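Try each task before you read its solution.

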Amino acid sequence: MTQLQAEPGAADLADVGPAENFPVGRLVLIEFSGHTIGIIRTRHGVHAIGNRCPHQGGPICRGIVTGTMAPSAPNEYVYEKDGEIIRCPWHGYEFELSTGQSVGAAVRGRVPVYPAEVRGGRVYLALRRKPLADRG
Amino acid sequence: MIADYDRHVAVGDYAELFAHMSQSWRKHFERDEFVGSVRDAAAHIRLTDRFGDEVLAGSAPDPEIGLSLAVPHQGLTINGWADQVAAKAFIEALNSQSEQVWADGQGRRAAILVTPHDPAWSARVIREHGAARQFAAVALPLSPVLLGSDQFDPVYDAAVEADLPLIVHFSGVEGHYLGAPPLSGGVHRTAYARAVLMPQLAESHIASLCFGGTLAKFPALRVLFSGFGFAWLPSLTWRLDREWRTFRHDVPWVLKPPSEYVFEQVWLSTWPVREARAEWESLFAGSRAQSRVVYGSHDPFDGDTVADVRAILGSSADGVLARSDVLSAVTTGAVA
């Protein structure tokens, strides 16, 4: 697990390493300013989440990254959001990687989500919760 | 107005139904194995010697009761009949008896009997009788097919179209006769063992209605489980929600916690109210589960009076007794 320290920056984003350290589709855990953060690059960007399920505090970053089934008519399955959902290893609850919100509002509370971006071949992260409106 | 949603009616002799049959069906049924079966069937589901060969006369309705819903329980037993063609003639005769004798279109209403073994036919029966003022519900006996199966969609369509709630009441042959649903664990030797376990059926079918997507698909469908008790409801809804949170992706047609559907579309009648003596205050106070409970006397089978309900449910009894949202506004408006 990579140990990093936050560095004050223009937009309080800290460099957490080269993008190749974060292969697309694989959630990588880092220690950042005393917090365990899961970082995953997807086709749509990079996401950073805290390692705590809002249900019972399970280590959500150890869950599988997957898609989910969209609301549908009975007995029909419509798979969507492949690679955009993480499923808690403790109880299987699903959360959106981009917002931390529970899929289908099944669980109250959200997984912590932090601002992250890839710039110049490197991944940057800020240890502040993203306002819900900014997530996406 | 107090409504009694579980008042049983029956014929004392099946020959009484001949007046409601064609000559051909009358000739078919004029045999001791049918006419005598009013006693045989009762013997198979009888719990005590109090329920003997003679049909029990119902007690005089409590003067506070403004509406009673008659459930012709003999018709429910067709879930265990081998001859489903004859079964349909039988329950149609009972429906005619309800329309002409047991219900008056005012304070005495009846449930339209249908069969789970022929949903298309049952839908036609609902549409045929649904507008008659004598009827205020549809009684669907249980089969081994769970109610969340889409094979019952024609029944639900017709019930919603007629604005009638569905009443689910055990017939007494469940766990005993082929054609009726089994009880879990195995086949019990005695009627009293089976009677103890009937709530299994209600829990099972409520889970099916939720997870099968029926309640989501038919948001106007109202289902009353009658005679199964109700003390178990809080634990059931908690367990439904817990499993849904984990397996929502396996039932994406369940768009909200299953308890939400139950708290909007499912009701339970009070009988036997005494089983909830301990649970009512501890589990139901302040809970939405309380809003699902309506009065059902189960008269004349060891029924609960209005006074019994008040004695057990205490200060919240009157709210239960006054609840009428399971019925259509047309029904309650005609009686109020």
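**Exercise 1.** Find how many residues of chain A are in contact with chain B, and sort the chain A side by class.

Solution. Count two residues as in contact if their C-beta atoms, placed from the backbone, lie within 7 Å. By that rule, 16 residues of chain A touch 13 residues of chain B. The chain A side then splits into 10 nonpolar, 5 polar and 1 charged (Ala, Val, Leu, Ile, Met, Phe, Trp, Tyr, Cys and Pro are nonpolar; Asp, Glu, Lys and Arg charged; the others, Gly among them, polar).

The model is predicted: local features need pLDDT of at least 70, side-chain atom pairs pLDDT 80 or more, while totals for chains, interfaces and linings use all residues. Residues are numbered from 1 along each chain as its sequence is written, and chains are lettered from A and ligands numbered from 1 in the order written.

**Exercise 2.** Describe how α6(B) and α7(B) pack.

Solution. Helices here are DSSP runs (H or I, at least four residues), numbered from the N terminus. Take α6 (residues 119-129) and α7 (residues 153-162) of chain B: their axes lie 8 Å apart at about 10° (axes are lines fitted to C-alpha atoms over the stretch in contact, with angles from 0 to 180 degrees between N-to-C directions). The pair is therefore roughly parallel (under 35 degrees). Next, list the contact residues: I126(B) and R127(B) are among those from α6(B), and V155(B) and D157(B) among those from α7(B). By class, this contact has 9 nonpolar, 1 polar and 2 charged residues.

Technical notes
Helices (H or I, at least four residues) and strands (E, at least two) are DSSP runs, numbered from the N terminus. Angles under 35 degrees count as roughly parallel, over 145 as roughly antiparallel, 65 to 115 as roughly perpendicular and the rest as oblique.
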